[in-house]
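Hi everyone, thanks for coming.

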Amino acid sequence: MKSRIFLSFPHLGGNEMKWIEEAFKGSWVVPLGPNVNEFEHLLGNYLGNPYVVALSAGTAALHLGLVALGVEAGDEVICQSFTFAASANPITYQGATPVFVDSEPDTWNMCPVALENAIIDRKKVTGKYPKAIIPVHLYGMPAKMDEILAVANKYNIPVLEDAAEALGSTYKGTMCGTLGKYGALSFNGNKIITTSGGGALICPDEEADKRIKFLATQARENMPYYYHNVIGYNYRLSNVSAGIGCGQMQVLEQHVARRREIHNLYTQLLQDIEGVTVMQNPSNDFDSNFWLTTITFDDSWNTTPEEIRQALEAENIETRWLWRPMHMQPVFANAPYYGGDCARNLFEHGLCLPSGSSLTDDDIHRVADAIKDFFNKKK
Ligand SMILES: *Cc1c(COP(=O)(O)O)cnc(C)c1O
């Protein structure tokens, strides 16, 4: 059996243990500590925004973003439908209702036209505007942020970016996650960098940064005894995990460069299969980190993502369906949806390819050959 090629395997830089050992030496085996401060500092430098709070997960970052924006029970929050459930779940943690919006074909992300339709209609139906907007930079591809922010600003609704998959991606030269009012990152094992589990919230200013740190550590007021005015959370990143993050920051740029290289190689190798497209940056304004390289196939092939997935699985290659849109999930069956069939069509005609930064060119050739074989046999 050929060795397994994984979709997005954790890729260590080699120096992570140095920070972990320091944590143990100083008995900093606790939430908070010097590694957390250092990790936040390194992230802030990289992003060009010093107000970054390290948290236990990307999901926690999205949740605290919504709390900071004042989302409460009875509110509605607009969310991209074509995404992972973690983009939408925190809306329900607040007792609010998600309103799902379709994607547009250039970036696969939130359609600005469907977004405005949703805002106008929700005002008609409920008498009030949605409280926040969550666009996602899916697979690392930046959403059409100028258009989305123009609509958001017109109705004075804040934007919380889900940049969990987009660390290192830029839109018009600016880092994803720093374009909206708040931005959420994830350092789960399969993301661009890993802390073995973790996330961060990018905040607009020092006051917001302090507020998030306060909420993430049980909302303890500055008193000699524990005193609480508001509900808090235990959402800080552990000092041990942050040590892994510090080590990963040394190789972040290399990891992003390698993901882009892998995408380029797939683009070259798969260019001659008619009716199969490797997803590309729609223009120079968009610079995806290509967290995952994705393909779509035309209807004329008369196949399904599952058929291709199984053919590659037989070669011991892991691929994955594109995200099943949230408006097609039983758990969100009652949530309002605005748009057409863009997200559904992508789901039914696409596949994620192995894209981890530790993959070799030979691995990518093996995947591309398996895909070519599949379509040759299908002819
Ligand atoms: C991974 C991911 C999240 C959640 O991040 P965790 O760190 O796993 O909680 C949120 N949104 C998207 C789009 C993701 O891919």
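Before I get to the strands, one term: two strands count as paired if DSSP finds at least two bridges between them. Please also keep in mind that this is a predicted model.

With that term in hand, let's look at T170, whose bridge partner in β11 is D287. T170 belongs to strand β6, residues 170-171, and β6 pairs with β11 in the antiparallel sense over two bridges. These strands are part of an open sheet of three, ordered β7-β6-β11, with antiparallel pairing. At the edges stand β7 (174-175) and β11 (286-287); each has a single partner strand, so one side of each is left without a neighbour in the sheet.

Now to another sheet. Three strands, in the order β10-β12-β14, form an open sheet with antiparallel pairing. Its edge strands are β10 (276-278) and β14 (350-353), each pairing on one side only. On average, neighbouring strands here are turned by 25° against each other, direction ignored. Strand β12, residues 293-297, runs antiparallel to β14 and is joined to it by four bridges.

Finally, the cores. In soluble globular proteins, nonpolar side chains tend to be buried together. Which residues touch the most other members of the largest nonpolar core? They are F39, I78, I133, Y139 and L167, out of 65 residues in that core. Leaving aside residues up to four places away in sequence, F39 touches several residues, among them A54, F187, L237 and M249. There is also a second, separate core of 33 residues, including C79, I134, A184 and A335.

How values were computed:
Residues are numbered from 1 along each chain as its sequence is written. This is a predicted model: local features need pLDDT of at least 70, side-chain atom pairs count only at pLDDT 80 or more; totals for chains, interfaces and linings use all residues. Side-chain values use heavy atoms; hydrogens and water are left out. Axes are lines fitted to C-alpha atoms, for helices over the stretch in contact, and angles run from 0 to 180 degrees between N-to-C directions. A nonpolar core is a set of buried Ala, Val, Leu, Ile, Met, Phe, Trp, Tyr and Cys residues joined through side-chain atoms within 4.5 Å. Buried means under 20% relative accessible area, exposed over 50%, partly exposed in between (1.4 Å probe, protein chains only). Contact means heavy atoms within 4.5 Å.
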